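Dear colleague,

I am passing on the structure below, together with some notes on its packing and its sheets. Please read the notes with the coordinates open beside them.

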Amino acid sequence: MMDVDKVLKKMTLEEKARLVNGATFFGMAEIERLGIARMQLLDGGTGMNFEQLFGDMADVGKLAVDSTNGMVGSTVLTHVIEYYFEPEKLTEDEIPLYEWIKERLEKNLDGADYAPGCFPPGILLGATWNPDVVYEVGEALGKEANLYGVHILLGTPNVNIHRDPLNGRLFEGYSEDPCLVSELAPSLVRGVQKYGVAANVKHYAANNQETNRVGINEIISDRALEEIYLPGFKACVQEGGVKTVMSAYNRINGVPCTESKWLLTEKLREEWGFDGVVLSDWGAVYHPAEALAAGNDLAMPGPLPWEPIARAVENGKLSDNELNLAVSRLLKLIDWVTTNFGKCSFVDKQLEELKKQTDLAAYRAAAEGVVLVENEGILPFSDDKKVSIAGSGAEKLLECGSGSAGITTSRTSSLREGLQAVEDEDADVRICVCRLSGMEGNDRPHMHLATDDLKLLYAYGAIDLEKAPEVVGEQLRDIKQDNNSKKPMVLILNVCGPVDLSYLNRDVVKAVLVTFLPGMEGGRAISDILRGKTNPSGKLPLTFPVRYEDTPTYLNFPGDGYEVCYGEGIYVGYRYYDKKKIRPLYPFGFGLSYTTFDCEGLHDVQVQDDRIAFDVCVENTGDRAGAEVVQIYASDPHSTLHKPVKELIAFKKVFLQPGEKRTLRFEISMDKLSSYDGDLKQWTLEEGYYDLLAATSSDEKDIFARERIYIDVESPYSYGKNSTVKTMYEHEELKSAVKILWDKKKWDWGIVESNYQYTSNKTIAEIMPKEKDFVFEKDDCIKEFLASVKKVKKI
């Protein structure tokens with residue numbers, strides 16, 4: 001164990017300044033004389049990013065350009081990475097760099113030969129609605145990071161909310177709903193850190209678009225931040241114990257995230273209790289001294305000069321204490337990693353076992369995250385059903401995204417092989433696999449499928465041209481339709497987010513499967529679902545709108561230049577569609593199964609102390625084993641604050657055999673019913689009636705039980721002296737109580753009438769006439785008034 005205080009005292013100003021700056025693109029500084037080890041950082045949440053790892057190897061190894069005939073240019077390196085597992089495709093001039101990298105990688109793996117896994121991203125993990133599955137993926141990531149010598153695994157997880165479906169990195173995040181994110185994401189953290197690898201939650205905070213992402217100013221209300229955009233980070237800190245947080249590129253209400261003391265110190269550390277390291281996104285530190293003072297401990301990437309930090313200390317711009325705080329946090333992180341990491345050394349048999357374990361984690365995630373959204377009885381296929389496969393994903397699924405989430409590996413699975421597909425002329429059913437990638441650095445331009453897939457779908461009769469928008473119709477008018485254009489089709493959406501399906505021809509398309517980006521075992525998992533070996537149990541973690549124009553952010557994304565207004569406030573995703581009564585294509589939380597379930601409740605409802613408890617019974621009434629997700633929503637129809645129609649507060653996924661029945665016990669903290677009051681700057685739980693809704697999706701028709709409960713607490717909105725004239729005047733019992741008080745005190749009732757007409761937002765206390773020697777708390781008439789209004793139940 002490192003004595004952090006002792007080491008800190010021995011460090012020179014230069015050494016401290018070097019430690020708070022990246023030394024290489026993905027590495028921290030090593031201070032050998034003090035035994036401070038170099039930390040290797042790497043993305044990420046879907047597996048080991050070889051582009052980053054090999055690039056850092058070249059940097060650390062000081063590979064000279066002339067030693068490989070000038071081949072360390074980015075194009076050459078990218079080509080070597082792309083074909084690392086297919087070296088026969090490399091040119092003769094690229095072989096020396098390939099061999100140089102291979103030698104160092106095998107040395108890092110103690111001579112072992114092991115290809116990294118490619119795991120599903122956040123959007124598919126969100127669709128599992130299963131914390132255990134997410135934990136297993138975290139374990140797999142932690143094991144492989146340990147194997148490759150990676151100490152800090154970036155983006156584990158990405159908890160940025162699905163604000164807009166066109167966000168280029170939407171697929172990395174878990175959901176549009178903060179409750180779902182908060183229940184799942186900490187499991188990934190715990191899984192990764194089990195093996196001494198520091199997890200990293202990003203991008204803190206509200207990094208919800210790629211357009212102008214570096215420096216864009218987001219105008220966001222305090223309430224939207226507290227209720228929508230921050231809970232996932234808070235959960236990773238308090239429930240997951242995450243060791244590192246990545247600060248984001250963007251500004252929030254004018255302040256860069258890397259320089260926000262409110263965000264990095266007051267909220268993260270003082271309020272939530274975070275005791276780890278804040279490291280910046282790559283290039284997000286715009287003013288090094290200001291970032292350190294705010295609580296950003298490590299500026300990445302390197303190499304960065306140490307002199308500006310030293311000068312800032314010497315001229316008083318940065319205090320010794322501020323620098324020492326950052327250094328001590330980094331030393332504690334290094335100590336935790338070196339104590340718990342213990343780099344793994346695997347023999348061949350152990351590596352084979354590791355591969356099986358990580359394959360299984362990837363398979364289970366894909367199998368539970370794939371969502372069946374339409375099925376007219378065509379699925380699952382019988383054993384004798386002959387199927388053909390076409391589309392951009394027919395030969396190779398899009399298993400991961402690009403940029404930070406891009407994975408190079410030889411490990412994959414084939415959908416075509418899994419289905420034993422035949423030629424189209426011999427098929428009973430066509431499968432069309434449509435790929436659509438998201439990417440770091442750019443948002444999607446629209447919600448339509450790729451042009452080649454649209455043309456294929458139209459040729460197969462799967463698009464109704466009369467319903468298609470003009471921009472789509474123009475691409476298809478010259479395409480000839482196939483003679484067998486009425487052959488039934490199963491559409492597989494191998495996509496990074498919602499797509500426009502408003503012009504599909506349902507006479508041809510008989511089933512739709514949303515697979516998102518399913519990772520290396522996606523082909524196997526999807527073929528098992530189609531053939532009925534696995535029963536689909538995924539539920540959508542975000543709403544699929546009918547068209548982009550229906551979305552909450554249609555007029556506020558991606559903003560004007562370098563400013564974007566989050567004008568929708570807390571009404572993100574289903575919260576908006578519910579409030580506006582806009583019916584989506586597929587609702588949040590929706591997903592079909594091959595079996596049927598009978599759900600009933602709520603039973604044995606108890607409201608005690610600070611918890612709400614109840615039972616829900618679920619029975620598998622079909623002939624296949626399967627899983628259902630019971631979703632609990634809360635509705636506060638008479639709230640002082642404006643609220644969504646309903647909000648997810650809890651859920652449980654239950655697996656049942658045919659005929660099996662199980663009772664699920666829910667125990668929910670009353671805090672789940674709280675809202676943030678931006679005027680009061682605090683979370684509040686208002687007394688009154690609440691409706692608990694049990695459902696299988698956010699759609700009204702999927703709500704199977706309702707129970708009204710009364711929460712008896714005191715709140716800032718409790719009826720009394722601070723109630724507004726409007727509130728008291730428009731409630732018959734309250735108005736009567738005010739009138740009685742006014743009569744007893746012989747005050748002019750016209751005061752109430754006038755204030756109701758012109759300044760109804762004033763409180764009752766504010767409009768009371770000021771009498772000589774009047775003491776509010778001691779006046780008997782006031783005491784009677786307060787006692788009478790306290791008895792009035794809120795409706």
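The notes below go through the cores, some helices and the strand pairing.

This is a predicted model, in which local features need pLDDT of at least 70 and side-chain atom pairs count only at pLDDT 80 or more, whereas totals for chains, interfaces and linings use all residues. Residues are numbered from 1 along each chain as its sequence is written, and side-chain values use heavy atoms, with hydrogens and water left out.

The largest nonpolar core has 183 residues; a core here is a set of buried Ala, Val, Leu, Ile, Met, Phe, Trp, Tyr and Cys residues joined through side-chain atoms within 4.5 Å, and buried means under 20% relative accessible area with a 1.4 Å probe, protein chains only. The residues with the most contacts inside this core are Met 11, Phe 54, Tyr 148, Tyr 204, Tyr 229, Leu 331 and Leu 491. Helix α14 (residues 320-340) supplies the largest share of the core, nine residues; helices (H or I, at least four residues) and strands (E, at least two) are DSSP runs, numbered from the N terminus. Apart from this core lies another, of 26 residues, which includes Leu 656, Leu 685, Ala 694 and Ile 709.

Tyr 229 belongs to helix α9 (residues 222-229), where seven of the eight residues are buried, so that the helix is largely enclosed by the rest of the structure. Charged side chains are among these buried residues, including Arg 223, Glu 226 and Glu 227. Beyond its neighbours within four places in sequence, Tyr 229 is in contact (heavy atoms within 4.5 Å) with Ile 161, Arg 163, Ala 206, Asn 208, Ile 220, Ala 224, Tyr 566, Glu 568 and Val 572.

In helix α17 (residues 451-459), the buried residues are Asp 453, Leu 454, Leu 457, Tyr 458 and Ala 459, and they pack against β11 (429-436), α18 (470-476) and β12 (489-495). Just after α17, Gly 461 takes a positive phi of about 80°.

Helix α22 (residues 732-745) and helix α25 (residues 780-790) pack with their axes 10 Å apart and at an angle of about 170°, where axes are lines fitted to C-alpha atoms, for helices over the stretch in contact, and angles run from 0 to 180 degrees between N-to-C directions. The two helices are therefore roughly antiparallel, a term that applies to angles over 145 degrees. Among the residues making the contact are Leu 734, Val 738 and Leu 741 of α22 and Ile 782, Phe 785 and Val 789 of α25.

As for the sheets, two strands pair if DSSP finds at least two bridges between them. Five strands form an open sheet in the order β1-β2-β3-β5-β8 with parallel pairing, and the edge strands are β1 (41-43) and β8 (277-280). The twist in this sheet averages 30° from one strand to the next. Four bridges join β5 (residues 244-247) to β8, and Met 246 stands opposite Leu 279 in β8.

Another open sheet has four strands in the order β18-β17-β22-β23, with antiparallel pairing, and its twist averages 20° from one strand to the next. Five bridges join β17 (residues 626-635) to β22 (residues 688-695), with Ala 634 opposite Leu 692.

Finally, β15 (residues 597-608) and β16 (residues 611-620) pair in the antiparallel sense over nine bridges. They form a hairpin with two residues between them, and Asp 609 in the turn has a positive phi of about 50°.

With best wishes

Notes:
Buried means under 20% relative accessible area, exposed over 50%, partly exposed in between (1.4 Å probe, protein chains only). Angles under 35 degrees count as roughly parallel, over 145 as roughly antiparallel, 65 to 115 as roughly perpendicular and the rest as oblique.
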